[in-house]
Amino acid sequence: MRAWLNRYDRTIWIRVIGTALTQITSFMIRPFLMFYLYSKLDGHLFLAALVVSLQPLASMIVGLFAGEWADRAGRKPVMAASLAIQAVSMAGFVWADSVYAFAGLTALGGIGQSLFHPAANAQIADLVPENRRAEVYALLHMAFNAGAAAGPMLGLLLFRANPALVFGLASASLFLFFAAVVGLIPETKPAGSEGAKSGGEGWRETWRFREHIPLFLLTLLCVPMSLLYGQADTNLPIHLKDHFDDYQKVFAVLMTVNGTLVLLFQMAVAGWTERFDSGKVLTVAFLLLTVVSAGYGWAGSFAVLIAAEVAFTLAEMLGLPHTNKVVARIAPEHLRGRYFAVFGLQWGVGRSLGPAFGSAVYVAWGGDVMFYLIGALCFLSAIGIRRVVDLGAFGRERREKFGRIAG
């Protein structure tokens with residue numbers, strides 16, 4: 001146990017504990033936020049989906065600048081600001097009672113989230129050698145899914161008792177994580193990295209589109225994955241309502257299955273796949289997501305949904321650590337925060353446009369068509385993802401070769 005604890009820097013363990021704590025309370029809210037807003041807004045599905053989509057929309061807009069701030073100001077202050085903003089947002093839900101209040105608080109939470117991930121992912125790239133990054137990203141993903149395992153059932157009980165208590169607990173956990181980041185985590189930004197690779201000109205001189213084509217292609221191909229995640233948090237519960245009487249319980253069980261399997265197997269899967277080419281691993285992940293979309297679309301039986309959730313979990317365990325690993329590998333050192341910020345745009349697109357897109361298709365043709373369309377997009381991503389990963393690796397090798405020649 002001591003050897004395992006010593007395997008990672010203290011900063012990593014603080015991140016793991018803070019992530020687990022905040023995600024338990026987050027997953028107490030996420031499965032039921034759509035239901036909560038749906039009831040508060042008098043059953044207007046599209047309006048509820050629109051409010052939920054404001055969070056990733058705000059996240060996407062601010063995320064355009066979050067990576068640059070992380071590269072300039074440092075990882076620690078940006079992460080701390082993110083957690084403080086999210087804590088204020090969750091506290092506001094305790095007293096919110098109008099659509100405008102819900103919209104403003106949801107957007108504020110999205111701003112906070114957008115600041116956190118580019119800085120946090122760049123921090124891992126700063127601290128961890130390349131051959132162990134997938135393992136560390138998997139460890140953090142496992143901590144994230146501690147919330148998915150424990151949160152939904154707790155949320156089901158507490159939301160029925162008093163929703164304000166759930167929002168209050170979420171705010172408190174974020175403030176605790178904020179205090180740990182401020183007091184215990186050091187700055188990890190490489191010394192002198194700002195502008196060091198670009199003659200002091202910074203972002204505008206180094207950010208030429210043609211030099212970062214693999215990043216943009218990777219981001220584009222990952223949009224279908226985030227579209228599917230966007231439906232899972234919003235329109236999937238409504239889709240389940242058409243097939244099951246106790247649909248809230250069915251949804252909570254699915255999320256618990258997902259979180260529990262990740263907790264049990266994420267590190268083993270990450271260790272096993274570390275040796276494989278990331279392009280191949282991501283191809284398998286997107287093929288699994290195609291199957292998942294078909295299973296969600298049919299939703300004919302509880303057994304089919306469980307099988308789809310198991311496939312979703314495996315795709316998640318394969319895909320998320322390796323996408324982060326690929327971004328960290330192809331990013332120049334002085335642009336890590338900005339690379340993760342650009343890559344994070346796919347989550348913003350999927351989770352902002354996804355709920356509105358999904359609800360529009362749902363109302364017009366039904367939930368099955370909605371998921372079948374997303375499955376087709378996942379299949380297209382499976383076809384192209386390996387070539388994009390190989391292109392990114394070639395680009396990095398070329399930069400390193402030219403750097404050695406210049407040196």
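1. The axes of helix α6 and helix α7 (residues 163-184) cross at roughly 125° and come within 5 Å. Axes here are lines fitted to C-alpha atoms, for helices over the stretch in contact, and angles run from 0 to 180 degrees between N-to-C directions. That angle makes α6 oblique to α7; angles under 35 degrees count as roughly parallel, over 145 as roughly antiparallel, 65 to 115 as roughly perpendicular and the rest as oblique. On the α6 side Leu158, Phe159 and Ala161 take part, and they meet Pro163, Leu165, Val166, Phe167 and Leu169 of α7. Contact means heavy atoms within 4.5 Å. By class, this contact has eight nonpolar, no polar and no charged residues. Ala, Val, Leu, Ile, Met, Phe, Trp, Tyr, Cys and Pro count as nonpolar, Asp, Glu, Lys and Arg as charged, and the others, Gly among them, as polar.

2. A remark on the basis of these values. This is a predicted model, in which local features need pLDDT of at least 70 and side-chain atom pairs count only at pLDDT 80 or more, while totals for chains, interfaces and linings use all residues. Residues are numbered from 1 along each chain as its sequence is written, and side-chain values use heavy atoms, with hydrogens and water left out.

3. The protein chain has 16 helices and zero strands. Helices (H or I, at least four residues) and strands (E, at least two) are DSSP runs, numbered from the N terminus. Of the 407 residues of the chain, 57% count as buried; buried means under 20% relative accessible area, exposed over 50%, and partly exposed in between, with a 1.4 Å probe and protein chains only. Among contacts in the chain with a separation of 6 or more, 84% come from residues 24 or more positions apart.

4. Helix α15 (residues 336-365) packs with helix α5 (residues 99-127) at an angle of about 135°, and the axes are 8 Å apart. The two helices are therefore oblique to each other. The crossing of α5 past α15 is right-handed; a crossing is left-handed if the near helix is turned anticlockwise from the far one by less than a right angle, and right-handed if clockwise. Pro118, Asn121, Ala122, Ala125 and Asp126 of α5 make the contact with Arg336, Gly337, Phe340 and Ala341 of α15. By class, five residues in this contact are nonpolar, two polar and two charged.

5. Helix α14 (residues 302-330) also packs with α15: the axes come within 9 Å and cross at roughly 145°. Here too the crossing is right-handed. Leu320, Thr323, Asn324, Val327, Ala328 and Ile330 in α14 meet Tyr339, Phe340, Phe343 and Trp347 in α15. The contact has eight nonpolar, two polar and no charged residues.

6. The whole structure holds 11 aromatic pairs. Rings of Phe, Tyr and Trp (its six-membered ring) pair if their centres lie within 6.5 Å; planes under 30 degrees apart count as stacked, over 60 as edge-to-face and the rest as tilted. One of the pairs is Phe65 with Trp69, which is stacked, at 6.1 Å centre to centre and 20° between the planes. These two residues are four apart in helix α3 (residues 45-73), so about one helical turn separates them. Phe65 is partly exposed, at a relative accessible area of 42%, and Trp69 is partly exposed at 40%.

7. Tyr137 and Phe340 form a tilted pair, with 6.4 Å between the centres and 55° between the planes. This pair links distant parts of the chain, since Tyr137 lies in helix α6 (residues 133-161) and Phe340 in helix α15, 203 residues apart. Both residues are buried. Elsewhere, Tyr229, Tyr296, Phe312, Trp347 and Phe371 form one aromatic cluster.

8. Leu127 is found in helix α5 and counts as partly exposed at 32% relative accessibility. Leu127 and Asp9 are 118 residues apart in sequence, with 7.9 Å from C-alpha to C-alpha. Leaving aside neighbours within four places in sequence, Leu127 is in contact with Asp9, Thr11, Ile12 and Thr188.

9. The other leucine is Leu21, in helix α2 (residues 10-40), partly exposed with a relative accessible area of 37%. Leu21 and Ser173 are 152 residues apart in sequence and 6.3 Å apart in space, C-alpha to C-alpha. Not counting residues up to four places away in sequence, Leu21 touches Ser173 and Leu176.
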